[in-house]
Amino acid sequence: MRLERLDDLLVDWLPRQRWFAGKDRAIDAISVLYDTELVEGDPSLHHVIIAVRQAGGTDRYQVPLGVRSELPGRLEYAAIGQLDDDAHLYDAVHDPELTRVWLENMAGNVDAGPLTFRSITGIDTELDSLASPAEQSNTSLIYGDAYICKLFRRLTPGINPDLELSLGLARAGSKHVPELYGWFSSDLDGTLSTLAMMSEFLRSGTDGWQLAGTSVRDLYAEADLRADEVGGDFASESERLGAATAEVHRDLAAAFGTGEMPPAEVRAVADQMHARLVETCSAVPQLAPYAGRLTDAFDALAELERPLTVQRVHGDYHLGQVMRTDSGWMLLDFEGEPAKPLEERRAPAHPLRDVAGMLRSFDYAARHLLANGQAIGGDPDQLEFRAQEWADRNRAAFCRGYAEAGGTDPAANEMVLRAFEFDKAVYEVMYEARNRPSWLQIPLGSIAALSTRPESDYLAY
Ligand SMILES: Nc1ncnc2c1ncn2[C@@H]1O[C@H](COP(=O)(O)OP(=O)(O)O)[C@@H](O)[C@H]1O
Ligand SMILES: O=P(O)(O)O[C@H]1O[C@H](CO)[C@@H](O[C@H]2O[C@H](CO)[C@@H](O)[C@H](O)[C@H]2O)[C@H](O)[C@H]1O
């Protein structure tokens, strides 16, 4: 490919992409690390990996590029620019004529330059792809209605935890993750690094955030009924989700083993929670009134005198990461928190950390309509009370399902769970202050409610 104009075109195009992580800084330089021509001719497909230098460091991105002598109208929205008069450059993920080569290469376990394509089962190579419109930090292609292939945009050397855990869960025979079909990787700094993974597309699935939101809307539509009295009660789904979560934790433990975190390391974890609290209180003063009670919860964890059993966990667990299908709840996206370094994301943790993540999500589902100021009539105190009741009911049901299916009993480990939940809520305070200030009230409201409750009522419903 004639690369002379490529840098200029990408400098304009990258900051407009949802997945580009460096939007807040100027791009100092772009260099092409690999350019592998996977499809020759017109159109051609260049599988390109670039390094983008910005203040604060250099990130690597995967940018599959299509080149055509003429760009048809249906691809205009994917245009990046013209390399010369007869070379139109565009985002190849939008061109099914090109994306089919990934299916063919995975099916054939092809090696092409730095790229290796692998499959673990038969793949239909005749399917057209459509890029998913979902707001996400990567790009997913849906082939027919059979496969979903997630292309990781920002690359980290090594195996992506999503692929690593999906392979382990497949080995353990988990029934709560989509079937894995294949993946491709590239050399990066001498290490084989995941570029994409392809799984079964859950065509009958609806994500948990949408389902929980519908239940909450049902509740607010009824002036006086309690969460257990409205048609859209979600508690039995929450209980089943708890059970599915425990089963996935059991399978992760079987696939990757468990370990003991000694009290000194638990203290170090509590110290990190405390440090985050201090930093967040200075950035968001509204949190300061609760600092004392939050500190008490972190201190209680620091004083734990027994080791904690740790294992690989989901790491970024919330209602947007689970789908309800005809055959039950499925868990997605085992990447961990993308902003964290890979070693931290792969480090074993206590499974109640995931439980705490989901408890936060129930609070969010209950409170987000109120925070948005959407047209819900009624007395604000009464609405707050009803939101808390919905959250408590579903939190308790989730914990019950988790314990009954063999997970570490949340009710018997409330002190540990509370510390994880408060830490996540403090993280959310910073996250919302930076990203969605109108939602700041959600984690603050939860902290106010949970921290002023007697400890013995923490999981009460
Ligand atoms: N196997 C699947 N079947 C159907 N939809 C899926 C599947 N995997 C992901 N999705 C949809 O794509 C969205 C983004 O997927 P996710 O793996 O969370 O990507 P990202 O890591 O980029 O956020 C999910 O919220 C879900 O709606
Ligand atoms: O899914 P991501 O890894 O991008 O996680 C980030 O964004 C999440 C928002 O989508 C944010 O989650 C918070 O909001 C959710 C509702 O939008 C709620 O269900 C979660 O419980 C709540 O934490 C997450 O914190 C952030 O890291």
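# Aromatic pairs, helix packing and local features

Phe-234, Trp-329, Phe-362, Trp-390 and Phe-398 are joined into a cluster by ring pairs. Rings of Phe, Tyr and Trp (its six-membered ring) count as a pair if their centres lie within 6.5 Å; planes under 30 degrees apart are called stacked, over 60 edge-to-face, and the rest tilted.

This is a predicted model, in which local features need pLDDT of at least 70 and side-chain atom pairs count only at pLDDT 80 or more, while totals for chains, interfaces and linings use all residues. Residues are numbered from 1 along each chain as its sequence is written, chains are lettered from A and ligands numbered from 1 in the order in which they are written, and side-chain values use heavy atoms, with hydrogens and water left out.

## Aromatic rings

By the ring rule the count is 13 aromatic pairs. In one of them, the ring centres of Phe-117 and Phe-184 are 4.8 Å apart and the planes stand at 35°, so this pair is tilted. Phe-117 belongs to strand 7 (residues 115-119) and Phe-184 to strand 12 (residues 180-188), so that the pair links distant parts of the chain, 67 residues apart. Helices (H or I, at least four residues) and strands (E, at least two) are DSSP runs, numbered from the N terminus. Phe-117 is buried at 0% relative accessibility, and Phe-184 is buried with a relative accessible area of 0%. Here buried means under 20% relative accessible area, exposed over 50%, and partly exposed in between (1.4 Å probe, protein chains only).

Phe-362 and Trp-390, both in the cluster, form a tilted pair with 6.3 Å from centre to centre and 55° between the planes. This pair also links distant parts of the chain: Phe-362 is in helix 9 (residues 352-371) and Trp-390 in helix 10 (residues 380-404), 28 residues apart. Phe-362 is buried at 0% relative accessibility, and Trp-390 is buried with a relative accessible area of 1%.

Charged side chains also sit over rings. A charge counts as over a ring if NZ of Lys or CZ of Arg is within 6 Å of the ring centre and within 35 degrees of the ring normal.

| Charged residue | Ring | Distance to ring centre |
|---|---|---|
| Arg-312 | Phe-256 | 5.5 Å |
| Arg-418 | Tyr-458 | 5.7 Å |

## Helix packing

Two packed helices are described by the angle between their axes and by the distance between the axes. The axes of helix 5 (residues 235-256) and helix 10 come within 6 Å and cross at roughly 40°. Axes are lines fitted to C-alpha atoms, for helices over the stretch in contact, and angles run from 0 to 180 degrees between N-to-C directions. The crossing of helix 5 and helix 10 is right-handed, a term for a near helix turned clockwise from the far one by less than a right angle, with anticlockwise being left-handed.

Among the residues that make the contact are Ala-235, Ser-238 and His-249 of helix 5, and Arg-393, Phe-398 and Glu-404 of helix 10. Contact means heavy atoms within 4.5 Å. The residues of this contact divide into seven nonpolar, six polar and four charged. In this division Ala, Val, Leu, Ile, Met, Phe, Trp, Tyr, Cys and Pro are nonpolar, Asp, Glu, Lys and Arg are charged, and the others, Gly among them, are polar.

Helix 12 (residues 441-451) is largely enclosed by the rest of the structure, because nine of its 11 residues are buried. The buried residues include Ile-442, Leu-444, Ile-447 and Leu-450. The buried residues of helix 12 pack against helix 7 (291-302), helix 9, helix 10 and helix 11 (414-435).

## Single residues

Leu-169 is part of helix 3 (residues 161-171) and is buried, with a relative accessible area of 0%. Apart from neighbours within four places in sequence, Leu-169 is in contact with Ser-174, Val-177, Val-248, Asp-251, Leu-252 and Phe-334. Thr-325 lies in strand 17 (residues 322-325) and counts as buried at 7% relative accessibility.

In the loop between strand 1 (27-39) and strand 2 (44-54) is Pro-43; the peptide bond from Asp-42 to Pro-43 is cis, with omega near 10°.

Asn-109, a residue other than glycine, has a positive phi near 45°. Asn-109 is located in the loop between helix 2 (96-107) and strand 6 (111-112) and is partly exposed at 37% relative accessibility. Asp-189, not a glycine either, has a positive phi of about 50°. Asp-189 is in the loop between strand 12 and strand 13 (191-200) and is exposed, with a relative accessible area of 57%.
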